[in-house]
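Please work through each task before reading its solution.

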Amino acid sequence: MQTTAEKELMAFLESHPIPEHLTKAERKRMYMDGRAIIEFKLTSKESNESLSITEFHLMKGNEPPRHIHEFIDETFMVHEGVINYHIGDEMITARAGDSVFVPQTVPHHFKLLSDRAVVSTLFAPGYYDHYFWFFSRPMDQKDIKPVSMSPEELTEWNNTSAVFGTVFVDAVKK
């Protein structure tokens, strides 16, 4: 029997599908109004829902706030740049070639030390790619730009993220 949260997530995934067949160009998208460039390397559908892999082109200052994933594990594989990962009470400095694992339910965030970074993220289970698909759009600009969010936008982001079991720690005061 599914919990209410699982039913809500399944309904969201069904109503916001990722197309089954994606061209190389369709896999590359702009995330959150140009906050990052994201490329869907392996979708959950392509892995029988077990995992997904996305590649992010990131810019210093556009990092997400501290958050928790209640239902997924994350593994970050750094290709370019230097990043401080804050996982629970631990800090790990990762450089090109390093991988960092974040288990579910552990509060975490990261800060770029370099101006830009390229990071692949593996999500298990894989459905979390739908989250990034929902918050992205087809490529319509060539580069990343600094993005700040209004309190209202942050609240909306937090509310939609909660469907995926992601909670922003201290990002939105209710």
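Two strands are taken to pair if DSSP finds at least two bridges between them. Helices (H or I, at least four residues) and strands (E, at least two) are DSSP runs numbered from the N terminus. The model is predicted: local features need pLDDT of at least 70, side-chain atom pairs count only at pLDDT 80 or more, and totals for chains, interfaces and linings use all residues. Residues are numbered from 1 along each chain as its sequence is written, and side-chain values use heavy atoms, without hydrogens and water.

**Exercise 1.** Determine the order of the strands in the open sheet and its edge strands.

*Solution.* The open sheet consists of 7 strands, and the order is β8-β5-β10-β3-β2-β1-β11 with antiparallel pairing. Pairing on one side only identifies β8 (99-102) and β11 (136-138) as the edge strands. Next, β11 and strand β1 (residues 28-31) form an antiparallel pair over 3 bridges. In this pair, Arg29 has Pro138 of β11 as its bridge partner.

**Exercise 2.** Which residues of α1 are buried, and which exposed residues lie on the face turned away from them?

*Solution.* Buried means under 20% relative accessible area, exposed over 50%, and partly exposed in between (1.4 Å probe, protein chains only). By this criterion, Leu9, Phe12 and Leu13 of α1 are buried. Seen down the helix axis, the buried residues fall within an arc of 100° (taken from the directions from the axis to the C-beta atoms), so they line one face of α1. The face turned away from this buried side carries the exposed residues Thr4 and Glu14. Finally, the cover over the buried residues of α1 includes α3 (129-134) and α4 (151-163), where contact means heavy atoms within 4.5 Å.
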